[in-house]
Amino acid sequence: MAMTKTLNVLDLECSACGKKYDASVEQHLCTCGKPLLARYDLRRAAATLTLDSLKSRPRTLWRYAEVLPNDPPVSLGEGMTALVHAERLGAAIRCGQRALQRLYIKDEGLNPTGSFKARGMTAAVSRAKQLGAKALAAPTAGNAGGALAAYAAAAGLPAVIVMPADTPSANVMECQAFGAKVVKLNGLISDCGKYVAEHKDREGWYDVSTLKEPYRIEGKKTMGYELWEQFGGKLPDVIFYPTGGGVGLIGMCKAFDEMQEMGWIGAERPRMVAVQAAGCAPIVRAWEAHQNTAQFFQNAATVASGLRVPGPLGDFLILSMLRQTKGTALTVTDQEMLNAGRELASLEGIFAAPEGAATVSAARKLAASGWIKPEETVVLFNTGTGYKYAEAWQRALQSGPGA
């Protein structure tokens, strides 16, 4: 399909072998099977993308236009979510005798469709539409499906959402409401991914699976740009990120690399913390065993549906980024998550998804061990709204605090 204007994506580069691909045509994985990353002329971008110029731009993630594909955006107003200074929660998390004074929650539940997945889908769907996609398809454990269905509807494109049969009912209903075709399978997101892979060519679907196209990561990296902007041109010391497919974590680290190339920051990085559910922790297992890749996690089970990703395609990227940033990875049990969700809601007024609540429990563990210092700036990502998780919250409220 002919492009009407010059792309500002110079090319796509394999994240593993470095092979280059033409960004003006539909691309998915490298021939080596690994994800592709979009590359820009960052020197040119830095000339117009400044803290000062951002002041007058629209308050959506498309304000970072120089480092995003320059397609007409299919937008629902995503991005620029609240960064909340969580003083009461910080006081309840102890580093020895002292409280965490600079604890913040980045509340991604405030995005369209109630999760950070809106960021990836606005970029992916905008690009897919320009590339002439006829129908979009993706496997989902919950929130990505709702986001794809919404942005496909906004783009006027059909969508096929393949989800495990036990996906939270709110996610199923929103996909149906947006007019998507919903396919439910007995199994995990990995089984849903196989279904999309087996059917996409025959059905003519554009595959929007996690990391199987290059642009969801572009939308999600804007979380890193927003932190830089919201902290007045600085970055926090530590970032806690709930990690299933890990695209948010990979995307933010890509943003930090781009910022360094634009001369905004030096080589220093926030220490990235991957938080996983005890019932599905392939990254934590690999991290503790000092491995570069993760093994498929058998019999994955957790109330946090977004963390139930037993074999993330970006495993090698997540592990390398944890190492590069001097970060770490740890698990949280479902009960710890549910308790932390109650605590976050009652102390800060933030009704979080279990995935987001998991970061509270993880921060408490790392503060107690001395890994975090009381004066450090710490950001916890709540990746979705608790309103999408009625079943999990019912359990949390029935079990009572400290159960």
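Visitor: Is Glu-174 buried or exposed?
Guide: This is a predicted model. Glu-174 sits in helix H6, residues 169-177. Its relative accessible area is 12%. The cut-off for buried is under 20%, so Glu-174 is buried.

Visitor: Which residues does Glu-174 touch, not counting residues up to four places away in sequence?
Guide: Contact here means heavy atoms within 4.5 Å. With residues up to four places away in sequence left out, the partners of Glu-174 are Thr-113, Gly-146 and Lys-388.

Visitor: What is the phi of Thr-113?
Guide: Thr-113 lies in the loop between strand E7 (102-107) and helix H4 (117-130). At 16% relative accessibility, Thr-113 counts as buried. Most residues other than glycine have a negative phi. Thr-113 is not a glycine, yet its phi is positive, about 60°.

Visitor: And Lys-326, is that residue buried or exposed?
Guide: Lys-326 also has a positive phi of about 60° although it is not a glycine. Its place is the loop between helix H11 (315-324) and strand E14 (328-332). The relative accessible area of Lys-326 is 64%, so the residue is exposed.

Visitor: Which residues form one aromatic cluster with Trp-228 and Trp-264?
Guide: The charged end of Arg-63 sits over the ring of Tyr-64, 5.9 Å from its centre. Tyr-64 is one of the cluster members.

Visitor: Is Tyr-387 buried or exposed?
Guide: Tyr-387 pairs with Phe-351 in a tilted arrangement, 4.8 Å centre to centre and 55° between the planes. Phe-351, at 28% relative accessibility, counts as partly exposed. Tyr-387 has 66% relative accessibility, so Tyr-387 counts as exposed.

Visitor: Which ring does the charged end of Arg-271 sit over?
Guide: The distance from the charged end of Arg-271 to the ring centre is 4.4 Å. The ring belongs to Trp-371.

Visitor: How are H12 and H14 oriented to each other?
Guide: Two packed helices are described by the angle between their axes and the distance between the axes. H12 and H14 pack at about 85°, with axes 9 Å apart. Angles of 65 to 115 degrees count as roughly perpendicular, so H12 and H14 are roughly perpendicular.

Visitor: How many nonpolar residues does the contact of H12 with H14 have?
Guide: H12 contributes residues including Leu-338 and Ala-345, and H14 residues including Trp-393 and Leu-397. By class, three residues are polar, three are charged, and the nonpolar count is six.

Visitor: How far apart in space are Val-247 and Thr-210, C-alpha to C-alpha?
Guide: Val-247 lies in helix H9 and is buried, with a relative accessible area of 4%. Thr-210 is among the residues Val-247 touches. The two are 37 residues apart in sequence, but their C-alpha to C-alpha distance is 7.4 Å.

Methods:
Residues numbered from 1 in each chain as written. Predicted model: local features only at pLDDT ≥ 70, side-chain atom pairs only at ≥ 80, totals over all residues. Heavy atoms only, no water. Phe/Tyr/Trp six-rings, centres within 6.5 Å; stacked < 30°, edge-to-face > 60°. Buried < 20%, exposed > 50% of the residue type's maximum accessible area, 1.4 Å probe, protein only. Lys NZ or Arg CZ within 6 Å of the ring centre and 35° of its normal. Axes fitted to C-alpha atoms, helices over the stretch in contact; angles between N-to-C directions. Helix = DSSP H or I, 4+ residues; strand = E, 2+ residues; numbered from the N terminus. Parallel < 35°, antiparallel > 145°, perpendicular 65-115°, else oblique. Nonpolar A, V, L, I, M, F, W, Y, C, P; charged D, E, K, R; others polar.
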